[in-house]
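I am opening a notebook on a structure that is new to me.

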There are 2 protein chains.
Amino acid sequence: MNITQSLRRAVQINPNGIATIDGDRQQTWSEFAQRVSALAGGLTRNLQLQQEDRVAILSLNSDYYLETKYAIAWAGLIAVPLNIRLAPEELIFLLNDSETRVLIVDETFSAMLPAFEGKLTSVETIINYSATDSTKSIVAYQSLIVDSEPAPDANAGNDDTAGIFYTGGTTGLPKGVMLTHDNLVHNALNCLNGLGYNADTRYLHAAPMFHAADATSNIAVTMLGGTHVFIPKFEPEQTLQLIEKQQVTNCTLVPTMINMLVNTPNARQYDLSSLKRLAYGASPMPEAVLKGAQELIPNTEFSQAYGMTELSPIITLLAPEFHDFEGPFAHRVRSAGNVVLTGEIRVVDEYDQPLPNGSIGEVIARGPTVMKGYWRREAETAEAKKNGWMHTGDAGYMDDDGYLYIADRVKDMIVSGGENVYSVEVENALYQHPAVESCAVIGIPSEAWGEQVHAIVILHAENSATEADILNFCKEKIASYKVPRSLDFRTIPLPVSGAGKILKTELRKPFWEGRSKQVN
Amino acid sequence: MNITQSLRRAVQINPNGIATIDGDRQQTWSEFAQRVSALAGGLTRNLQLQQEDRVAILSLNSDYYLETKYAIAWAGLIAVPLNIRLAPEELIFLLNDSETRVLIVDETFSAMLPAFEGKLTSVETIINYSATDSTKSIVAYQSLIVDSEPAPDANAGNDDTAGIFYTGGTTGLPKGVMLTHDNLVHNALNCLNGLGYNADTRYLHAAPMFHAADATSNIAVTMLGGTHVFIPKFEPEQTLQLIEKQQVTNCTLVPTMINMLVNTPNARQYDLSSLKRLAYGASPMPEAVLKGAQELIPNTEFSQAYGMTELSPIITLLAPEFHDFEGPFAHRVRSAGNVVLTGEIRVVDEYDQPLPNGSIGEVIARGPTVMKGYWRREAETAEAKKNGWMHTGDAGYMDDDGYLYIADRVKDMIVSGGENVYSVEVENALYQHPAVESCAVIGIPSEAWGEQVHAIVILHAENSATEADILNFCKEKIASYKVPRSLDFRTIPLPVSGAGKILKTELRKPFWEGRSKQVN
């Protein structure tokens, strides 16, 4: 299978349907395909790229970003979508590590180019989405398309690497996850059903497009001949406006973004009734946030997607009917759902032996969406894919109906006085307090307990609460050994990764400086 | 990917759900999986079969048939499901051609065993579904399962051949179509959505299980943890009874079977309201038959599936909303639908060049469901998969919205006085006459025209009509050069293949004896 088949299908079944809407720009599937094949011609003929050469993209969301992803696949090249939150030094490392030959930037990131100067060891060409004319050092994107003859599909596919997605926003040295055409198309097929896409879907790209999760909708919505709508980056007010204006039907966000939508003062002024399905993932959804969202968009169905980049990225889905806090299946709202159609998951002990249902262990997975490997890191690839199963590093358990419950990222688990405390559970309690806008729970050093549970809390502007108020509230909700021993109020936003995950590494750092806890 | 993943998924998400219902027997997914792994152990340990050894099945439909298919996949063997309409000599050819080591028969076909005696060159063991005790020459199926230790999954998958499906019911020498695990799982994923399967599906295996089309529901319904219901072979009254009794939700039939349901005198006595979706394929559906079916089961949605064994087998689907004879999309009811999610189709000329929309040419297809090849026929495989595309041998055209219209099987097309006459179109006209119960249109020799259009008609028992009545009726419906020049009334049923297709080869034979027309 190949990614470009989805584009040919869109052109065959919906040639005159709207493919992309980006601000005032829009184009049909026929037009989109013409631009993709011309851009592929530009990359391979004008810029002389060879099969499997790397092309990096450093850009906010746009129709150009989607064109570029398809052109890279069409030309048999490898995409390196870069995390937009990284510092120049980090980006230089990724560009050199991947031996990228072409770097594409948009207007926002063209400002970062001077910081790269003299430090890139393999980049030969820089393309700028916003340049009007090509210069000696910069190729203008639009001119490249206009000046190029369309190239035929290079017929890359199956086990060929389609993209290298660097992970490590929340962990140590970044690793390049190689995902193949087969990986990404199978993920799209798994989700097409589960996320409620169809030929009438109008999908809003609001979460950042560099993330592997975005490829899900790229391919699935295209395969169905639906419509892609873009917002440069997530901003709650603009997102609400765009849902109303473009009659968006589907969107995928992370819980922190959904929390921001819920907390937008005039959110209820918008007509959000077109939104049929809101998917969320990347981190657990506090129940209070989900309830707030259900209140804001009562006719929208919710789907939870759980996974990781190494799984292309989705491995379980929680269906809309289980987003219910009442009735016989109320407990399932705390689950990550069951395995995607083509996948297999198990919960195992430290010797990789399956554990009985209900026992917490490491979640492992296999199937056609398991990554090809880490780019040029064979030992780490072998370790991660030990015995043919991807080891997620997440702790969880399975119930008797095959529903997976994620207890915590293994590294976010707090061991206090010999008891395991799952930070997610404590955060869920905190979020139920009406004064709490957002929060994070981490383990900090304790003479007495090894680690102690520590909370960092941001209050709603119009609300006030004392540390004692909040801790007493927690005592009613969770066992006393889980209740935070200490609490910091904070007024600036919590640090988040490019994908929107709260960076607990950052929060833990000041407490652990010079100590032995692995805070990778 | 592998076929057995679907079974592990069913066991994980629905261990206590009903897997199979066959007469008075029923079992859960846990029980089914235990029997499958024990049978796999019986085949590989007790009977010493090695990876890729062939196991043939000659049986009417049953839960045992499904267990056997899964056990063969689980053990890494290759299934050879045999067409139940074939004569002993034909079956002997297939068993020897495939070098089958184990032949499994049910009670019905155990009666055929004496005819095989001394003629099978590779079969070492015969298993009988209905034998109560094993003898020197026959292994009893139930004892084999009870006496065997469960085997672990052999981890066959991807490009490994899962089955050899012999074609040639309607054509010359049979060819063994090798379908891989990937082929069959992709077909299931393509159809899962398109045929409306979900976790609550109760699928009736009424069409014969030897056909590749049956694998669609085997895998898709299992993957979702649904329920399989079996009828030994299609019989209209029993089918209607079983839909009512077992609350069947989904079924796939061929048009001749649907025509028989519609013509069952007391069909309207049954409560068929559980039937959500009726899929049909293998041959064109005369409009009068579809209308009759819509009248009989007004709340059932219809899906058309078009394909061939070499495409695992489905390559286009016509969605329920286009089974409508009125409104702006009324013309689409005559279409075979658009390409499945992972597929690509084109209409090409004799030089394999794509034709413009609206022009009739050969339909070709590619994607992950194209067969691995014909068993031990490399030249024919290369010819069929020329330029990477499966050449279907069907003539058709595409409209501007990507809907495929099949004009005819190329070999069923009649060339009369230089005009192409598509037999399907003439049959559609005949079926609209109220006295016609079934019919077939073929080309027969003509001094004047090369070929002339000839109709064979069976009238409803309670109706009478003359040749002139029917031909005059046709003249109002279709151009005069398409109207049959001759017509035979027939009272015995038309000859059909095991899959339910009308065997035009048989009908043409007496007219062409000793002449040059290719009637393969």
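What rotation, and what shift along its axis, superposes chain B on chain A? Working from a predicted model, I looked this up and found a rotation of 180° with 0.0 Å of shift along the axis, at an RMSD of 0.0 Å. I therefore note the relation as that of a two-fold axis. I then looked for the residue of chain B that comes closest to this rotation axis, and it is B:Asn193, whose C-alpha lies at 3.4 Å. The same surface serves both copies, since 100% of the contact residues of chain B recur in chain A.

Next I turned to the interface, where 19 residues of chain B are in contact with 19 residues of chain A. On the side of chain B, helix H1 (4–13), helix H8 (181–194) and strand E16 (338–339) each give two or more residues, and H1(B) supplies the largest share, with five residues.

My last entry concerns chain A, where the axes of helix H11 (residues 255–262) and helix H12 (residues 287–296) come within 9 Å and cross at roughly 50°. H11(A) and H12(A) are therefore oblique to each other, and their crossing is left-handed. In H11(A), the residues A:Pro255, A:Ile258, A:Asn259, A:Leu261 and A:Val262 meet A:Val289, A:Gly292, A:Ala293 and A:Leu296 of H12(A). I noted that the residues of this contact divide into seven nonpolar and two polar, with no charged residue.

Methods:
Residues numbered from 1 in each chain as written. Chains lettered and ligands numbered in written order. Predicted model: local features only at pLDDT ≥ 70, side-chain atom pairs only at ≥ 80, totals over all residues. Axes fitted to C-alpha atoms, helices over the stretch in contact; angles between N-to-C directions. Helix = DSSP H or I, 4+ residues; strand = E, 2+ residues; numbered from the N terminus. Parallel < 35°, antiparallel > 145°, perpendicular 65-115°, else oblique. Left-handed = near helix turned anticlockwise from the far one by under 90°. Contact = placed C-beta atoms within 7 Å. Nonpolar A, V, L, I, M, F, W, Y, C, P; charged D, E, K, R; others polar. Least-squares fit on C-alpha atoms with pLDDT ≥ 70 in both.
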